[in-house]
Amino acid sequence: MNDLTIDRPDAASAVDPHVVLSADPTLRGRDEGSPGLQALPVAAIAVAALAACGDGTEPEAGTESDADLQAIRRRVRSGYPSPRSDAEAARFLLQAQACATSTDIASVRSGTFAAWLSAQYAKPLGPTGWDWLNARGYATIDSTTRYFDNTYPGDYMIWNQLMTAPDALRKRCALALSEFFVVSLSGLNFAWRSHAVAAWWDLLTAHAFGNFRQLLEAVTLNPAMGYYLNTKGNLKEDPAKGRLPDENYAREVMQLFSIGLYQLNLDGTPKTDAQGNRIESYSQADVTNLARVFTGYDIDMSQNVNTYDPVLNRNIPNTTPARLPMVLNASRHSTLAATFLGVTIPAGTPGATALKTALDTLFNHPNVGPFFGRQMIQRLVTSNPSRSYVARVAAAFNNNGAGVRGDLKAVWSAILLDEEARNTTGLTQVGFGRLREPMLRFVQWGRTFGIASTLGSWKIGDLGNPATQLGQSPLRPPSVFNYFRPGYVPPSTELVANRSVAPEFQIVNESSVGGYLNFLQGVVRNGLYVGAPDQPNAGSNASNGYDITAAYAAELALVTDAVALVKRLALLLCADQLSASTQTLIVEALNATPVTAASTDAVKRNRVAAAVLMVMASAEYLVQK
């Protein structure tokens with residue numbers, strides 16, 4: 001692989017002054033529309049969505065007794081174990097896998113929520129992103145296509161995974177993990193970067209139902225992470241040259257990937273000293289010492305075979321090093337003692353032993369359960385979970401009921417089966433819920449309406465442009481701080497006074513709202529256009545160039561009945577949370593253009609697309625309850 005070092009992500013550009021508990025003190029300072037449709041007022045949509053997410057106050061901290069916390073350790077309560085309606089089943093599915101088809105709803109309703117989860121946990125891994133890239137010919141070494149230097153195959157891979165994989169729950173959980181353990185395809189600059197990000201994605205999916213400790217080690221030794229946060233090629237200290245170990249990964253693995261900035265109670269509230277000040281989780285000395293542990297690791301080139309390219313006048317490695325865990329070169333590993341978080345690794349400790357001790361120390365830190373658990377609740381259920389909800393999830397992380405710490409299946413079950421997620425109280429609470437991430441809206445659209453790629457190319461690229469596309473694309477966050485911070489508070493809103501957060505609103509502005517609507521208008525009606533050929537069997541010879549389109553089979557069957565059509569969309573897209581008044585407005589808009597059984601296929605599809613667009617543009621859809 002090319003020995004290129006990635007610069008540390010610029011923290012100054014990622015840290016917002018309104019972020020709550022977000023900035024490490026050491027980092028501070030540093031197309032065509034559907035026929036007959038008019039664009040909805042984008043500013044009104046943004047304001048309505050923001051208002052719908054506000055006012056999530058919580059009771060005072062420290063009210064739970066030790067006995068209470070011990071009691072909740074072994075239980076994940078649910079107001080009822082089975083869905084009592086299609087809407088309740090759909091709501092569960094939209095939290096668990098971001099989409100709800102009629103088949104999925106029937107599956108959930110045939111048993112209990114817990115039984116459905118167990119069945120999903122037992123499903124085998126779906127096809128890997130790595131294998132998909134190879135099957136599509138993206139491992140070919142060619143100076144014309146230069147797949148080894150391009151990132152777009154990685155985009156095609158991840159969209160294909162999210163849109164088509166049979167294990168939707170696993171993929172949804174892996175996507176949530178990708179926003180906690182962050183590697184960005186936009187920040188990788190070495191040979192076979194698309195294969196590297198595929199290996200990273202496959203790592204997250206493989207460990208999504210495993211144990212946090214094993215996941216943490218796999219993350220640490222992954223080549224993409226090694227490049228992204230400078231563990232790859234990190235050298236031990238050299239006093240003669242004034243060289244010190246790179247501290248990037250040591251800092252971020254504590255700040256972002258395990259324990260956070262401040263010591264936490266089980267319920268996620270920060271611990272304070274006698275003066276009421278929050279207690280920091282680690283110091284600069286902890287970072288400096290821990291950095292010694294991560295020296296000496298580099299890409300495993302033991303299975304590499306170079307191919308000389310005369311056009312580019314360079315050796316091209318094979319893809320294998322992009323997926324093998326990094327290996328230790330003992331001569332480059334620091335032999336100094338390392339003292340951090342109350343643990344000392346003696347001088348001269350072998351590198352593998354030192355790594356195990358360091359990761360065990362992080363894994364067993366009391367912060368991990370509430371720090372990780374709260375953010376996973378935010379990704380799946382609600383931006384402002386109650387402290388008792390966080391405590392129940394953290395307790396499940398600490399002990400799955402069988403004495404096992406870090407069981408991720410127990411964490412997902414605790415989040416999705418908790419009474420706060422399952423009871424109907426949240427539907428009427430102003431502060432409950434979360435803004436749907438743009439990439440999740442797109443995945444939901446695709447999976448709900450059966451999109452398919454005629455040519456099998458799945459050429460959906462980077463959709464991160466906020467002015468013309470989604471403003472977000474999977475595995476492409478702008479920095480190690482993700483697309484948004486978990487403690488982000490939109491300035492000049494009621495959320496500031498209510499001390500509530502709305503993470504996803506950090507990527508919302510007038511441009512992104514308009515870009516989303518304009519992008520959606522073209523896509524829901526026409527699908528996605530396939531560009532020029534760049535691989536075998538992936539040209540632009542689909543009908544009218546639109547290779548990736550939605551089927552809308554069930555929707556077209558209802559197309560002459562606007563009321564029934566909107567009712568179906570309200571169930572599938574927002575679990576019947578579309579108010580009667582909003583449904584009436586949409587029905588009236590649809591009926592302004594009559595559609596009969598004799599109407600052309602184009603007219604019928606126009607109506608379906610218009611209905612989908614209006615639902616997916618409504619505030620009641622955008623804020624998931």
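Trainee: Is the crossing of α24 and α26 left-handed or right-handed?
Mentor: Keep in mind that this is a predicted model. In it, helices α24 and α26 cross, and the crossing is right-handed.

Trainee: Which residues of α24 and α26 make the contact?
Mentor: From α26 come R607, V608, A611, V612, V615 and M616. Their partners in α24 are A562, L565, L569, L573 and C574.

Trainee: How many nonpolar residues does the contact of α24 with α26 have?
Mentor: Sort the contact residues by class. There are no polar residues and 1 charged residue. The nonpolar count is 10.

Trainee: How do α24 and α26 lie: roughly parallel or oblique?
Mentor: Start with the geometry. Helix α24 covers residues 562–574 and helix α26 covers residues 601–617; their axes are 10 Å apart, at an angle of about 45 degrees. Roughly parallel would need an angle under 35 degrees. That makes the arrangement of α24 and α26 oblique.

Trainee: Is V566 buried or exposed?
Mentor: V566 sits in helix α24. Its relative accessible area is 0%. Buried means under 20%. So V566 is buried.

Trainee: Where is D576 found?
Mentor: D576 has a positive phi of about 60 degrees, although it is not a glycine. Most residues other than glycine have a negative phi. At 37% relative accessibility, D576 counts as partly exposed. Its place is the loop between α24 and α25 (580–591).

Trainee: What is the relative accessible area of R499?
Mentor: R499 is in the loop between α21 (494–498) and α22 (510–526). R499 is not a glycine, yet it has a positive phi of about 60 degrees. Exposed means over 50%. R499 is exposed because its relative accessible area is 77%.

Trainee: How do α16 and α17 lie: roughly perpendicular or oblique?
Mentor: Helix α16 spans residues 368–380 and helix α17 spans residues 387–398; the two axes come within 8 Å and cross at roughly 120 degrees. Roughly perpendicular would run from 65 to 115 degrees. So α16 is, relative to α17, oblique.

Trainee: Is the crossing of α16 and α17 left-handed or right-handed?
Mentor: Look at how these two helices cross. For α16 and α17, the crossing is right-handed.

Trainee: Which residues in α17 do those in α16 meet?
Mentor: On the α16 side are V368, G369, P370, F372, G373, R374 and I377. The contact of α16 with α17 divides into 9 nonpolar, 3 polar and 1 charged residues. The α17 side is Y389, V390, V393, A394, F397 and N398.

Trainee: At roughly what angle do the axes of α13 and α14 cross?
Mentor: Helix α13 covers residues 248–255. Its axis and that of α14 come within 8 Å. The pair is therefore oblique, and the crossing angle is roughly 120 degrees.

Trainee: How many charged residues does the contact of α13 with α14 have?
Mentor: The crossing of α13 and α14 is right-handed. A250, R251, V253 and M254 in α13 meet Q284, D286, V287, L290 and A291 in α14. By class, 6 are nonpolar and 1 is polar, while the charged residues number 2.

Trainee: Which residue's backbone nitrogen does the side chain of N289 reach?
Mentor: N289 lies in helix α14, residues 284–293. At 13% relative accessibility, N289 counts as buried. Beyond its neighbours within four places in sequence, N289 is in contact with A337, A338 and T339. Its side chain reaches, at 2.9 Å, the backbone nitrogen of T339.

Trainee: How far is the backbone nitrogen of E420 from a polar atom of the D418 side chain?
Mentor: D418 is in the loop between α18 (408–417) and α19 (419–422). At 0% relative accessibility, D418 counts as buried. From a polar atom of its side chain to the backbone nitrogen of E420 is 2.8 Å.

Key: Residues are numbered from 1 along each chain as its sequence is written. This is a predicted model: local features need pLDDT of at least 70, side-chain atom pairs count only at pLDDT 80 or more; totals for chains, interfaces and linings use all residues. Side-chain values use heavy atoms; hydrogens and water are left out. Helices (H or I, at least four residues) and strands (E, at least two) are DSSP runs, numbered from the N terminus. Buried means under 20% relative accessible area, exposed over 50%, partly exposed in between (1.4 Å probe, protein chains only). A polar contact is a pair of N or O atoms within 3.5 Å; within protein, one must be able to donate a hydrogen and the other to accept it, and residues adjacent in sequence count only if both atoms are side-chain atoms. Contact means heavy atoms within 4.5 Å. Axes are lines fitted to C-alpha atoms, for helices over the stretch in contact, and angles run from 0 to 180 degrees between N-to-C directions. Angles under 35 degrees count as roughly parallel, over 145 as roughly antiparallel, 65 to 115 as roughly perpendicular and the rest as oblique. A crossing is left-handed if the near helix is turned anticlockwise from the far one by less than a right angle, and right-handed if clockwise. Ala, Val, Leu, Ile, Met, Phe, Trp, Tyr, Cys and Pro count as nonpolar, Asp, Glu, Lys and Arg as charged, and the others, Gly among them, as polar.
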